[in-house]
Amino acid sequence: MELYIDSANLKEIQDTASIGIISGVTTNPSLLAKEDPTLDVKELIKHIYATIGGHVSVEVVSTDTAGMLREADEILKWFPEATIKIPMIPKGLAAVKELSRQEIPTNVTLIFSPGQALAANNAGATYVSVFLGRLDDIGSDGVAVVRETCEIWDQHGLESMIIAASIRHPIHVLECAKAGADIATVPYKVLQQIMKHPLTDSGVATFVADHEKMMKSKGAV
Ligand code: E4P
């Protein structure tokens, strides 16, 4: 399963890209709003793409089809490899249908049920983003929705790539990998948690200490 970072923070993206664990970045208007307000959004997005050189989803904020298509045109001028992130509303699906006709990749966002994922797939979405954390937040079972979506995909050989989004903790990532999601888009903090284990840290400290002890006993230090 591929990992993307769910962030608009350049430092987080650079840090994670430098160790090779991510192949893409998903942004959204709320993530962009957390960044330094003096930064130009277009320049920031271009910088993000230059850093990752892979998938970058950029979200539209219009709620009508024509407005979404206008925004998509503008984003594609920033960098033509952009994936256009479109909300899961009927007017959004009309935009997805048109962008798909033009062979422009789309990521349908704010999906909370397998039915919504199926509709987005049928409209021609390249990616469908299932928001599991927000489902858990309201007392539903987000992983179950990802699992059910993956089962339907397997049954029918559907084409959209399934992105597990709104990830809250490492167990979410593992459960989505087991369910068969193609990609998980993960916040920086959770990516750090995934990589960390106290036995790795203590193991490294012991190896270093034993090596130094050995070198001392050989008179090399
Ligand atoms: C996905 O593409 C979204 O940006 C993201 O996962 C939203 O997650 P949140 O529920 O933490 O805002």
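Start with the largest pocket: 25 residues line it, and D6, N28, L31, K34 and P187 are the ones nearest its centre. Bear in mind that you're looking at a predicted model. The pocket holds about 380 Å³ of space. How is such a space found? Rolling a probe the size of a water molecule over the atoms shows where empty space is left.

Helix 2 (29–33) and helix 10 (188–195) each put at least two residues into the lining, and so do strand 5 (106–111) and strand 6 (127–131). Sorted by class, the lining comes out as ten polar, eight charged and seven nonpolar residues.

So what sits in there? The ligand takes up the space of this largest pocket. Around the ligand you'll find D6, T26, N28, K85, F131, R134, A165, S166 and R168. By class, that shell has four charged, three polar and two nonpolar residues.

D6 brings a polar side-chain atom to 2.7 Å from an oxygen atom of the ligand. N28 also uses its side chain, with an N or O atom 2.7 Å from a ligand oxygen. As for cover, the ligand taken alone would expose 350 Å², and the protein buries 86% of that.

Terms used:
Residues are numbered from 1 along each chain as its sequence is written. This is a predicted model: local features need pLDDT of at least 70, side-chain atom pairs count only at pLDDT 80 or more; totals for chains, interfaces and linings use all residues. Side-chain values use heavy atoms; hydrogens and water are left out. A residue is near a molecule or strand if one of its heavy atoms lies within 4 Å of it. A polar contact is a pair of N or O atoms within 3.5 Å; within protein, one must be able to donate a hydrogen and the other to accept it, and residues adjacent in sequence count only if both atoms are side-chain atoms. Accessible areas come from the Shrake-Rupley method with a 1.4 Å probe; for residues, only the protein chains shown count as cover. On a 1 Å grid over the protein atoms alone, a cavity is a set of points where a 1.4 Å probe fits but cannot get out, and a pocket is an open set with protein on both sides within 12 Å along at least five of seven lines; lining residues have an atom within 4 Å of a point. A molecule sits in a cavity or pocket if more than half of its atoms lie within 2 Å of its grid points. Ala, Val, Leu, Ile, Met, Phe, Trp, Tyr, Cys and Pro count as nonpolar, Asp, Glu, Lys and Arg as charged, and the others, Gly among them, as polar. Grid points are joined across faces, edges and corners, and a volume is the space filled by probe spheres set on the points. Helices (H or I, at least four residues) and strands (E, at least two) are DSSP runs, numbered from the N terminus.
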